[in-house]
Amino acid sequence: MTQDLIQNYYKELIDLQNADGVEAQIQSLLYVQIESVSDLEKWLQAEKDLMMKIAEAMTGHQVDFYRNTEDADIKSTYLHDQQVIQPLLMKYEAKLNEKVCESPYFNKLDENRYGLMRRFRESKVKLFREENIPLMVKEQELNTKYSEIMGGLTVEWDGEEKPYPFIQSQLDHLDRAVREKAYRAMISAHRQIKPDMDAIMDELVQLRHQIALNAGFENYRDYMFVVKNREYSVQDCYDFHENVEKHIIPAWNRLANVFKSELGVDTFRPWDNTAKLMKNPPYSDVSDLMDGVSEMLGKTDPYFADRFDYMREHGLIDLGDRKGKSPGGFCTSLPVSGDTFVFANFSPSFFSLIALIHEMGHAVNGYLEFSEQGPSEEYHLRMEIGELYSHGMELLLLDKLDRFYPEEEDFKSAQREELRRAFKMLFGPLSGDLFQHWMYTNPQHTAKERDEKFFEISKRYGLNPVDTSGLEEEIGMSWADTLHYFQVSFYNIEYSMSMLGALQILENYRNNPEQAVVSFKKGARADYNQSIAAVYKETGVSFDFSEPAVKRMGEFLEKVIQDIH
């Protein structure tokens, strides 16, 4: 599977290698006199213009590195950004925030336009400690090391050296023996890197705990809730965990029994928990994947396909597996260009098809926001909103999976599998969230205790119906597969919250497809200065993860699966 790598997909309007020049441009903002609300608004725009130039260059360098972690020059450029430019930005970000917050005109800015920005900057001022800068630089270095290790991870398969994502894709195989072989091959790969993963996570936990202590918090969990400016509390999260365990896990167990029957197995083992029941991978080549997804998007709304085709033509999508490519998948914004970039490292599988559709939900959201609101800034990026449109896109395309699965039974299996994934998104990220709550409120834990806790929480949620006997240790160490724990801590629960909203999008689509798509696009371009709940409302859904909401959407999801069955 090959794909040409187009490098000029982002704009470098600032030379980040010239750190003194970057610093001089930032410093110049500090000397500007602000003598009115109008002056302050002009200053904010000038600051935004400069930071967007820096952000686009740094994002481009990061994506370059993720695409090829083994290129020495690309790595050097990326590390320069992390080790020189990022500390510079942290230092001056604090000074710029202080300048703005201390201005007598700060509280006179229009609340509807600047309210979210004000709250974000005030919390930034509250959190900043100069002694945390080197700790955050070290944190990024450890994340880079994680990407390098995972990007270089290969597994021997039938006498050939294969990238790790290829082995993951074999978990979809109809042959149970192949699935088990792939699962055990992944375990073997985990064992190879286990000491490195433990060392990295041990150091990350201690670094993050110290960052929190320096900022005046008891633990990193509480610190991150302020960093993220969350519109809900720690207790709300614990309540959500319990509501899902009470109402979703029993339904998941019932669904597991159905799959166990269809697989014709007496016990549901970990390698059965991934079975898709489709005869073949949905595509063989990246170009086939992109052709099909373009058609699916176009049948849903012409604008969706237009954006996808534009990105494809301009080298803004990099799919497929290759050695040296970082793991995972993501969509990132290029704020100067007004573009988005989709990155994925997957072999042909049902999951990779859905992952591309998911990332295109992010991309469409990004393009619609940019066209309506202009480039977004850091404080706009609330994942409870972003994931609504990625999950929502998956479910809007549910009825078009026959593009890849033309046989009726395969088509039904694909739809059921996507809905099964929706079930998993209601509890999988919650177990990951709970795991992180435990890690960072118990920062002195050992690697062994961490593995044991991960297994315990996994058994409460997704592995509840699975026979895990003899694999407790192996499952316990599998947390290392989740890059979020390393690179984007406490970014998990948003997936589950937004899936509740996405299921409402599906409910609306089943009642009135055209109106559901109109509402989806309206919400995706909505003013991002609003609350999360207000953006959801514009999308035609509710931001609600209370017990009644969890119960209702769980029942709806189970019924949709039964209808297809």
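Buried here means under 20% relative accessible area. The views below come from a predicted model.

**View 1. Helix α22 and its cover.** Helix α22 covers residues 547-564. It has 18 residues and reaches 26 Å from its first C-alpha to its last. That is close to the 26 Å expected at 1.5 Å a residue. The buried residues of α22 are Ala549, Val550, Met553, Gly554, Phe556, Leu557, Glu558, Val560, Ile561 and Ile564. An α-helix has 3.6 residues a turn, so residues three or four places apart point the same way. What covers the buried residues of α22 includes α9, α10 (249-263), α15 (408-441) and α19.

**View 2. Where α9 meets α22.** The two helices pack at an angle of about 35°. Their axes lie 9 Å apart. From α9, the contact takes in Phe240, Asn243, Val244, Lys246 and His247. From α22, Glu547, Val550 and Lys551 take part. The crossing of α9 and α22 is right-handed.

**View 3. Asn243 in its setting.** Asn243 sits in helix α9, residues 234-247. Is Asn243 buried or exposed? Its relative accessibility is 11%, so Asn243 counts as buried. Leaving aside residues up to four places away in sequence, Asn243 touches Ile248, Phe545, Ser546, Glu547 and Val550. Glu547 and Val550 of α22 also belong to the contact between α9 and α22.

**View 4. Helix α20 and the helices around it.** Helix α20 holds twelve residues, 513-524. At 1.5 Å a residue, α20 should span 16 Å. Its end C-alpha atoms are 16 Å apart, which agrees. Buried in α20 are Ala516, Val517, Ser519, Phe520, Lys521, Gly523 and Ala524. Their cover includes α11 (286-300), α12 (302-313), α13 (350-373), α14 (383-396), α19 (493-511) and α21 (532-538).

View 5. Strands β1 (residues 154-157) and β2 (residues 160-163) pair in the antiparallel sense. Four bridges join them. Asp158 is in the loop between β1 and β2. It has a positive phi of about 50°, although it is not a glycine. Asp158 is exposed, with a relative accessible area of 58%.

**View 6. An open sheet of three strands.** The strand order is β3-β5-β4, with mixed pairing. β3 (317-318) and β4 (329-334) stand at the edges. Each has a single partner strand, so one side of each is left without a neighbour in the sheet. β3 and β5 (residues 339-344) pair in the parallel sense over two bridges. Ile317 stands opposite Val342 in β5. Helix α13 packs on the sheet and touches β4 and β5. The direction of α13 makes about 165° with that of β5.

**View 7. Phe490 in a loop.** Phe490 lies in the loop between α18 (483-487) and α19. What is the phi of Phe490? It is positive, about 60°, although Phe490 is not a glycine. At 0% relative accessibility, Phe490 counts as buried.

View 8. Cys237 counts as buried, at 0% relative accessibility. Cys331 has 22% relative accessibility, so it counts as partly exposed. How many disulfides does a search of the whole structure find? The search finds zero.

Methods:
Residues numbered from 1 in each chain as written. Predicted model: local features only at pLDDT ≥ 70, side-chain atom pairs only at ≥ 80, totals over all residues. Heavy atoms only, no water. Expected span 1.5 Å × (residues − 1). Buried < 20%, exposed > 50% of the residue type's maximum accessible area, 1.4 Å probe, protein only. Contact = heavy atoms within 4.5 Å. Disulfide = S-S within 2.5 Å. Pairing = 2+ DSSP bridges. Axes fitted to C-alpha atoms, helices over the stretch in contact; angles between N-to-C directions. Left-handed = near helix turned anticlockwise from the far one by under 90°.
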